[in-house]
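Work through the exercises below with the coordinates open. Each task is followed by a solution in steps.

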Amino acid sequence: MKTLMTDIIAVLVFAVLARAAHGGLGLAQIADTFWPFAIGSLVGTGIATVALGAGGGAIRYGVIVWLVTVFTGLAIWAARHAAVPHISFIVVATTMSGLLLLGWRAAGMLVARRRP
């Protein structure tokens with residue numbers, strides 16, 4: 001549950017950064033960007049849990065969550081707008097969500113290794 005909540009916070013940060021870059025930092029604009037990718041994180045968590053179980057490893061688990069988050073978020077965006085997202089949107093969404101969803105896991109692993 002803690003991992004899922006951290007992923008949802010990472011997706012929220014992603015949505016805020018996206019809205020900051022493209023204008024519209026209102027609650028409605030942030031929510032509009034947030035919810036498709038949040039659903040993706042929920043689906044990704046379910047898939048990763050079934051696929052890897054408890055011993056899947058943080059990064060492998062995170063990669064599944066990340067890829068499903070991006071795919072689902074972009075698919076929902078495409079369905080809502082009846083258009084394929086522009087390649088630059090796909091690249092930025094994939095990169096930024098990956099940095100956030102995998103970055104917090106990598107940072108946690110580094111902190112855990114430094115503890116005696």
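The exercises cover aromatic pairs and a surface patch.

The model is predicted, so local features need pLDDT of at least 70 and side-chain atom pairs count only at pLDDT 80 or more, while totals for chains, interfaces and linings use all residues. Residues are numbered from 1 along each chain as its sequence is written, and side-chain values use heavy atoms, without hydrogens and water.

**Exercise 1.** Find the aromatic pairs and classify them by their planes.

Solution.
- Rule: rings of Phe, Tyr and Trp (its six-membered ring) pair if their centres lie within 6.5 Å; planes under 30 degrees apart are stacked, over 60 edge-to-face, the rest tilted.
- The count is two aromatic pairs.
- Phe 14 and Phe 37 have ring centres 5.0 Å apart and planes at 65°, so this pair is edge-to-face.
- Phe 14 lies in helix H1 (residues 2-22) and Phe 37 in helix H2, 23 residues apart; helices are DSSP runs (H or I) of at least four residues, numbered from the N terminus.
- Both Phe 14 and Phe 37 are buried (under 20% relative accessible area; exposed is over 50%, partly exposed in between; 1.4 Å probe, protein chains only).
- Trp 77 and Phe 89 have ring centres 5.4 Å apart and planes at 65°, so this pair is also edge-to-face.
- Trp 77 belongs to helix H3 (residues 58-81) and Phe 89 to helix H4 (residues 87-114), 12 residues apart.

**Exercise 2.** Which residues form a nonpolar patch on the surface?

Solution.
- Rule: members have over 30% relative accessible area and no salt bridge, and nonpolar side chains (Val, Leu, Ile, Met, Phe, Trp, Tyr) are joined within 5 Å. A salt bridge is a side-chain nitrogen of Lys or Arg within 4 Å of a carboxyl oxygen of Asp or Glu.
- The patch consists of Trp 35, Ile 39, Val 43 and Ile 47, with about 320 Å² of accessible area together (Shrake-Rupley method, 1.4 Å probe).
- Ile 47, in helix H2 (residues 27-52), is partly exposed at 41% relative accessible area.

Technical notes:
Patch = residues over 30% accessible without salt bridge, like charges linked within 9 Å, V, L, I, M, F, W, Y side chains within 5 Å. Helix = DSSP H or I, 4+ residues; strand = E, 2+ residues; numbered from the N terminus.
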